[in-house]
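Have the structure open and follow along.

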Amino acid sequence: MKYALIDIGSNSIRMNVYNKDNIRKEVFSKKYMAGLADFVEDGKLSKKGEKKLIKVLSSQKLLLNYLPIDDVYVFASASLRNVENGEEIAKKIKKELNLNVDIISAEKEAYYGVLGVMEKYDFKKFYAVDIGGGSTEFTYVKDGNIKDGKYLKIGSLSLFRDYVENIVPNDRELENIYNKIDEEMGEVDVKTDILVSTGGTARAIGNILEEIRGGSNEFYNIEEVADFISKMKSRNNKTMLHTIMVVPERLHTITTGAAILYSIMEKLGVQTTYVSKYGVREGYLKEKIKEN
């Protein structure tokens, strides 16, 4: 039995296909960099953004016709949750494409992310962070349960859209970005030595650092994140080249995403973050399979 899962994010729209008995490994994956957060105007997803979203979903649905799929699940996070016309657009997608879009809350997104992380790690106490294009979920987990959480309405793409004029932020822009992150985060009541990062930004940073210095992409330290941000800001040729080679589609958002991660690591006082390849998608699918 095979399941298709479509994740409508603020930066990318990804479709993964999984076997029921192994959600840890997708058998097919296709990603579209839609950049929906760039199409938000006056709190709503613009007609242009809506058209782009429906066009991508139409392509994905057409592709599904050629795959042996038993069930299709579609969910949206901050991409539709944080816009006033999100529910209206979901209804339009249902009418035009016959796809049911589940707009998940920030709390649910964090919960699914933790379920995904626990497919790889079995830490008793840890923080999990998921940096998306339009939101960041930051949760404290103890014995498999979320004990505390912060749900920030900022992400790598939304910070780029609101604060950066060119491709990478300059000193002034980066200072404003850090101030915004600090304002959104506030104080952290519980601290722990273990941080697990999920999502495209965290994985992309790991892949870039692996390309630059070798070693593993499954963990890296706060000094490496700070150095990466500094070199991107100064447009270091080697760092820019490696970024373009590894994740060209994230060139404009990787520095703002790294700034969020650095701020969280600094606030917690952790030196190293682990990176989980499993996150919200795997957690969401695991829960849906359990429900059915």
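What volume does the second largest pocket have? About 300 Å³, and keep in mind that this comes from a predicted model. Let's stay with that pocket for a moment. It has 17 lining residues, and those closest to its centre are Asn82, Gly134, Lys153, Ser158 and Arg161. Two elements give two or more residues to the lining of the second largest pocket, namely helix H2 (78-81) and helix H5 (156-163). H5 gives the most, with five residues.

Here are the pockets and cavities side by side.

| Space | Volume | Lining by class |
|---|---|---|
| Largest pocket | about 480 Å³ | four nonpolar, five polar, twelve charged |
| Second largest pocket | about 300 Å³ | eight nonpolar, five polar, four charged |
| Largest cavity | about 390 Å³ | five nonpolar, 15 polar, nine charged |
| Second largest cavity | about 60 Å³ | six nonpolar, three polar, three charged |

Now for the largest pocket, at about 480 Å³. Its lining counts 21 residues, with Arg14, Glu26, Arg203, Asn207 and Lys277 closest to the centre. E2, E3, H7 and H11 each give two or more residues to this lining. H7 gives the most to the largest pocket, with four residues.

How many cavities of 30 Å³ or more turn up in a search of the whole structure? Three do. The largest cavity holds about 390 Å³ of space. Its lining is made of 29 residues, and Asp7, Asp130, Gly132, Gly200 and Arg281 lie nearest the centre. Strand E8 (125-131), helix H7 (200-213) and H11 are the elements that give two or more residues to that lining.

Among the residues lining it are Glu109, Ala110, Val117, Asp130, Glu137, Thr198 and Val280. Helix H4 (106-117), E8 and strand E9 (136-142) each give two or more residues to this lining, and H4 gives the most, with five. Asp130 is worth a click: it lines the second largest cavity and is also one of the residues nearest the centre of the largest one.

Finally, the sheet. In what order do its five strands run? They go E3-E2-E1-E6-E7, in an open sheet with mixed pairing. Strand E3 (22-32) and strand E7 (101-103) stand at the edges with a single partner strand each, so one side of each has no neighbour in the sheet. From one strand to the next the twist averages 25°.

Strand E1 (residues 2-8) pairs with strand E6 (residues 71-76) in the parallel sense, over six bridges. Within that pair, Ile8 sits opposite Ala76 in E6. Helix H1 (residues 47-64) packs on the sheet and touches E1, strand E2 (13-19), E3 and E6. The direction of H1 makes about 25° with that of E2. Helix H11 (residues 280-291) lies across E1, E2, E3, E6 and E7, and runs at about 130° to E6.

How values were computed:
Residues numbered from 1 in each chain as written. Predicted model: local features only at pLDDT ≥ 70, side-chain atom pairs only at ≥ 80, totals over all residues. Heavy atoms only, no water. Pairing = 2+ DSSP bridges. Axes fitted to C-alpha atoms, helices over the stretch in contact; angles between N-to-C directions. Contact = heavy atoms within 4.5 Å. 1 Å grid on protein atoms, 1.4 Å probe; cavity = no way out; pocket = protein on both sides within 12 Å on 5 of 7 lines; lining within 4 Å. Points joined across faces, edges and corners; volume = space filled by probe spheres on them. Nonpolar A, V, L, I, M, F, W, Y, C, P; charged D, E, K, R; others polar.
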